[in-house]
Amino acid sequence: MEKIPLTVMLGSYPKTAALKNAQIASDRVALDIAPVDTAQKAFKDVVRAHRFDVAELAIVTYLLAVDAGHRYLLLPFVMNGNFHHKSIYARADDAFGPGQLKGKRVAMRSFSQTTPTWVRGILCDEYGLQMSDVQWWSQEGAHVAEYQDPPWVKALDKSTGLEQALLAGQVDAIIAGGALEHKGQLRQVIDQPLAAAQQWNARTGVIPINHMVVVKQELVERHPEAVAEVYRMLIESRRAAGETLAAGERDLQPFGFDALELSLRKVIDYAFNQQMIRRRFTTDELYGAVRRILK
């Protein structure tokens, strides 16, 4: 039987190493894996050029793409996730808590990023804020060409780094998921963020998903057997990495429909409530025929 050729874009992680190194065999599909280590660098190729049959994509970018009419469906496989209570920072000498952000200026690299979406949602859910309470500032647009930030999001000069803007007093807080250069001059707005995140997770069951795997709807319709095979290979590659959880540790990178249901519904709610998508999608819509194929 001739193998089905598939173009694939995934970041480089321990869980994708066996797949990328062709250690996971298949008699059904032939994977042409793009030489991409950092998936974010190829997101525009996914949602603008439609270059790949199978791709890693930030979950909010995916929701924006679906809202704009791009035909992708989800696989129930999280590529990465992380707690984000830690991701909002203020100046070390500026004392206020998350419930005191009303009227303050909060900046981020892009309003449409997944990490800020989780942070904003958590601030509203857990600390009594309304989206309209805060002045939101963004430096960049979205990967999805059709998307526009809500009109009340203000533009921050791209030439000014987020930390620079914060330390100069241009804004009162920043949302940043990556490494910071001046961490000694900053503090996390949510006190003891890991403990707060763990308590939130235990109470809600929600895992803050960042990236998932998506497939072209056309592939699902024409080659459902290829979709099932890719999902099998992803799981096998993760198992080959030998990553184990400590006793009582929550898996932030789960797979399977049941494991993701609460988290997907929550991020859909956040994107809708923050006026990023026009309606609340159901998880059945996002999975489409994938749910039947993988049952």
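Q: Hi! Of the contacts between residues at least 6 apart in sequence, what share join residues at least 24 apart?
A: In this predicted model, 78% of those contacts in the protein chain join residues at least 24 apart.

Q: And how many helices and strands are in the chain?
A: The protein chain has 11 helices and 11 strands.

Q: What part of it is buried?
A: Buried residues account for 53% of the 295 residues in the protein chain.

Q: Let's talk sheets. In what order do the strands of the six-stranded sheet come?
A: The order is β8-β7-β6-β9-β5-β10. The sheet is open, and its pairing is mixed.

Q: Which strands stand at the edges?
A: Those are β8 (154-155) and β10 (186-188). Each has a single partner strand, so one side of each is left without a neighbour in the sheet.

Q: What joins β5 to β10?
A: Three bridges do, and the two strands run antiparallel. Strand β5 covers residues 88-91. Within this pairing, Tyr89 stands opposite Gln188, and Arg91 stands opposite Leu186.

Q: How many bridges join β5 to β9?
A: Two bridges join them, and this pair runs antiparallel as well. Tyr89 comes up again here, with Ile174 as its bridge partner in β9.

Q: Which strands of the sheet does α4 touch?
A: Helix α4 packs on the sheet and touches β5, β6 (105-110), β7 (135-140) and β9 (173-175). The direction of α4 makes about 125° with that of β9.

Q: Switching to rings: how many aromatic pairs are there?
A: The count comes to five aromatic pairs. One of them is Phe77 with Phe255, a stacked pair at 6.1 Å centre to centre, with 20° between the planes.

Q: Where do those two phenylalanines, Phe77 and Phe255, lie?
A: Phe77 lies in strand β4 (residues 72-81), while Phe255 is in the loop between α8 (224-240) and α9 (257-273).

Q: Are they buried or exposed?
A: Phe77 counts as buried, at 1% relative accessibility. Phe255 is partly exposed, with a relative accessible area of 28%.

Q: What about Trp118 and Trp200, how are their rings arranged?
A: Trp118 and Trp200 form an edge-to-face pair, 6.4 Å centre to centre and with 80° between the planes. Trp118 lies in helix α4 (residues 114-127) and Trp200 in helix α6 (residues 193-204), so this pair ties together parts that are 82 residues apart in sequence.

Q: Buried or exposed, those two tryptophans?
A: Trp118 is buried, with a relative accessible area of 0%. Trp200 counts as buried too, at 2%.

Q: Which residues make up the aromatic cluster with them?
A: Trp118, Trp200 and Tyr270 form one aromatic cluster.

Q: Which charged residues sit over rings?
A: Lys104 lies over the face of Phe96, at 4.7 Å from the ring centre. The charged end of Arg120 sits over the ring of Phe111, 3.6 Å from its centre.

Q: Now Arg238: where is it, and what does it contact?
A: Arg238 is in helix α8. Leaving aside neighbours within four places in sequence, Arg238 is in contact with Lys15, Phe77, Asp251, Gln253, Pro254 and Phe255. That list includes both rings of the stacked pair, Phe77 and Phe255.

Q: Is Arg238 buried or exposed?
A: Arg238 is buried, with a relative accessible area of 15%. The cut-off for buried is under 20%, so Arg238 falls on the buried side.

Q: Last one, Gln217: where is it, and what does it touch?
A: Gln217 is in helix α7 (residues 217-222). Not counting residues up to four places away in sequence, Gln217 touches Arg71, Tyr72 and Leu73. At 21% relative accessibility, Gln217 counts as partly exposed.

Q: What separates the C-alpha atoms of Gln217 and Gln139?
A: They are separated by 32 Å, and the two residues are 78 residues apart along the chain.

Conventions. Residues numbered from 1 in each chain as written. Predicted model: local features only at pLDDT ≥ 70, side-chain atom pairs only at ≥ 80, totals over all residues. Heavy atoms only, no water. Phe/Tyr/Trp six-rings, centres within 6.5 Å; stacked < 30°, edge-to-face > 60°. Helix = DSSP H or I, 4+ residues; strand = E, 2+ residues; numbered from the N terminus. Buried < 20%, exposed > 50% of the residue type's maximum accessible area, 1.4 Å probe, protein only. Lys NZ or Arg CZ within 6 Å of the ring centre and 35° of its normal. Pairing = 2+ DSSP bridges. Contact = heavy atoms within 4.5 Å. Axes fitted to C-alpha atoms, helices over the stretch in contact; angles between N-to-C directions.
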